[in-house]
Amino acid sequence: MVNETDAKKSEETPSFLAPRRKQLFLGRRAMVASTASTVLIIGGLVAVFLLAPGGATVRHFFFNPHEMWQSLVGNHRDSLSSVGLGLLINIRVFLVAEVFILAFGLAIAWTRMSKSPVLLPFRILAIVYSDIFRGIPVLLVFLLIGYGVPGLGISFISFQSQTVYGCVALILTYSAYVAEVFRAGIYSVPHGQLLAARSLGLTNATTMRRVILPQAVRTVVPPLLNDFISLQKDTALLSVLGVVEAVQAGTIYQDLKFNSSGLVVASLLFLAMTIPLTRVTDGLIARDRNRRLAST
Amino acid sequence: MSEVILELDSVVKRFGDNEVLRGISLDLQRHEVVCLIGASGSGKSTLLRCVNLLETIDGGTITLFGQSLTDVRIDPDKVRRHTGMVFQSFNLFPHLTVLENVLVGPVRALKRKRSDVLDEALQLLERIGLRDRSDEYPDRLSGGQQQRVAIVRSLAMRPALLLLDEVTSALDPSLVGEVLDLLRDLAHTGTTMLIATHEMNFARDVAQKVAYLDGGVLVEQGTPDEIFANPQHESTRLFLERVR
């Protein structure tokens, strides 16, 4: 039975007007509203920075154009290290580490997913490895490798530069993360693909190479680039081992000239390095999303 | 002459405590088409997967060309090269073109030269009327077209036996016909097939033998006439009434 009041209700003509307050954010008014809120918020932040009681002091110690330039180029005579040259070390370490991380990450992922009984000990090792290096703070890995390995006194291995140890610390840590990214990517390929490939008589290895990996790559690239953005920044940790890279150069400048503008320069340089990669990553994610939406 | 190529004897398969195949015995002759019918979950798909060694069996024997598949010395990849399998969900490789999908088996599994297989592959696509689509990717094709490509992908391996797992169940009703027509065509040209299907009219037309499965048990088997016109068991009769 239909309730009497319900039946009455359905005969009224419904009104679709939004409440007055909500109307402010509809149609062309929305653009006015968004512009206003942007100006208000950004203006507010700038005002806080300019009008803060210590604003002038901070500007002098952190955003001093003269000091910023000095720290960027450095000065040999006063043994002031250049933040700009320091960044070249960050970039080099990043580029070298990246190659090793991709290779190790894939190898670890592969090992963890192998089914062969012979590989059981390696499988256990791979799991232990991932747990350890995803569990220890990167800073600690730097300190342990940088000060521990030289102490071992093994020929060759214990006599490398601190830059090499830092690079190793990054490789060890990030390989563990990247292995998980690869593993997730491989598992994201539908099981039917594996069944279809195997039922054609393709071997396990051929199935991986020709069917699973090419499809996994698509899913893997955005999270992989995210990890690399993070890796670019973490090269700054080389400073704790005394390597004069960008951050360390900024700190030295700060100690000698009692001015922190070098640190701001280092920040800007890192931004210049990471933002392009961030944009590329976001672009890829958006493209992937559009493709997925289009295909359904 | 009739030659038994596949022989299942008291095959048992369990998933944990769940016994999905309870002693299935069935055989298949060369050029014969056998249809497995039964409700979802009756074990039809599992049976096909066991023949293709995508599942290992827990009891009984499966003999293919006189060789027991439970023998530890058997290489599953070699078995699969002679038993094509087509799935309900097509499972075409989305990163490969239609042509590459058809070529991948012969080239990567049989190690035949691409140039030697190319003509054959194009002929197969011609047969299903999709030769002019051979450079497109599977997601540009309709479900029916994709499934026909998947069948042809299996045929490119020249399998001695084709296993088909409810190949029309995921299709729009309007696309079922084109796929069944292809299977009819294959049956007439002597392809040996073991088909799990819900299409009763198709089974009646094409199969030499129909086997009814219920809860992992092969309840009865016989010619389509025997099964559809005169089922011996109560459960077969009830099932056929429900699907009619």
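Tutor: Axes here are lines fitted to C-alpha atoms, for helices over the stretch in contact, with angles from 0 to 180 degrees between N-to-C directions. This is a predicted model, in which local features need pLDDT of at least 70 and side-chain atom pairs pLDDT 80 or more, while totals for chains, interfaces and linings use all residues. Residues are numbered from 1 along each chain as its sequence is written, and chains are lettered from A and ligands numbered from 1 in the order in which they are written.

Student: Thanks! How many helices does chain A have?

Tutor: Helices (H or I, at least four residues) and strands (E, at least two) are DSSP runs, numbered from the N terminus. Along the sequence, chain A reads α-α-α-α-α-α-α-α-α-α-α-α-α. With zero strands in chain A, the helix count is 13.

Student: Among contacts between residues at least 6 apart in chain A, what percentage join residues at least 24 apart?

Tutor: A contact means C-beta atoms, placed from the backbone, within 7 Å. Of the contacts in chain A between residues at least 6 apart in sequence, the share joining residues at least 24 apart is 71%.

Student: How is helix 6 of chain A oriented to helix 11 of chain A?

Tutor: Helix 6 and helix 11 (residues 204–234) of chain A pack with axes 9 Å apart, at about 140 degrees. Angles under 35 degrees count as roughly parallel, over 145 as roughly antiparallel, 65 to 115 as roughly perpendicular and the rest as oblique. Helix 6 of chain A is therefore, relative to helix 11 of chain A, oblique.

Student: Which residues of helix 11 of chain A make that contact?

Tutor: Helix 6 of chain A brings Phe94(A), Ala97(A) and Glu98(A). Their partners in helix 11 of chain A are Phe228(A), Leu231(A) and Gln232(A).

Student: And how is helix 9 of chain A oriented to helix 11 of chain A?

Tutor: The axes of helix 9 (residues 162–187) and helix 11 of chain A come within 8 Å and cross at roughly 150 degrees. That angle is why helix 9 of chain A is, relative to helix 11 of chain A, roughly antiparallel.

Student: How many nonpolar residues are in the contact of helix 9 with helix 11 of chain A?

Tutor: Residues of helix 9 of chain A, including Leu170(A), Tyr174(A) and Val178(A), meet residues of helix 11 of chain A, among them Ile212(A), Val220(A) and Leu224(A). Ala, Val, Leu, Ile, Met, Phe, Trp, Tyr, Cys and Pro count as nonpolar, Asp, Glu, Lys and Arg as charged, and the others, Gly among them, as polar. Beside two polar and two charged residues, this contact has a nonpolar count of 13.

Student: How is helix 6 of chain A oriented to helix 7 of chain A?

Tutor: The axes of helix 6 (residues 83–113) and helix 7 (residues 120–135) of chain A come within 8 Å, crossing at roughly 125 degrees. The relation between helix 6 and helix 7 of chain A is therefore oblique.

Student: Which helix gives the largest share of the side of chain B that touches chain A?

Tutor: The contact takes 16 residues from chain A and 18 residues from chain B. On the chain B side, helix 2 (76–82) and helix 3 (98–109) are the elements giving two or more residues. The largest share, four residues, comes from chain B's helix 3.

Key:
Contact = placed C-beta atoms within 7 Å.
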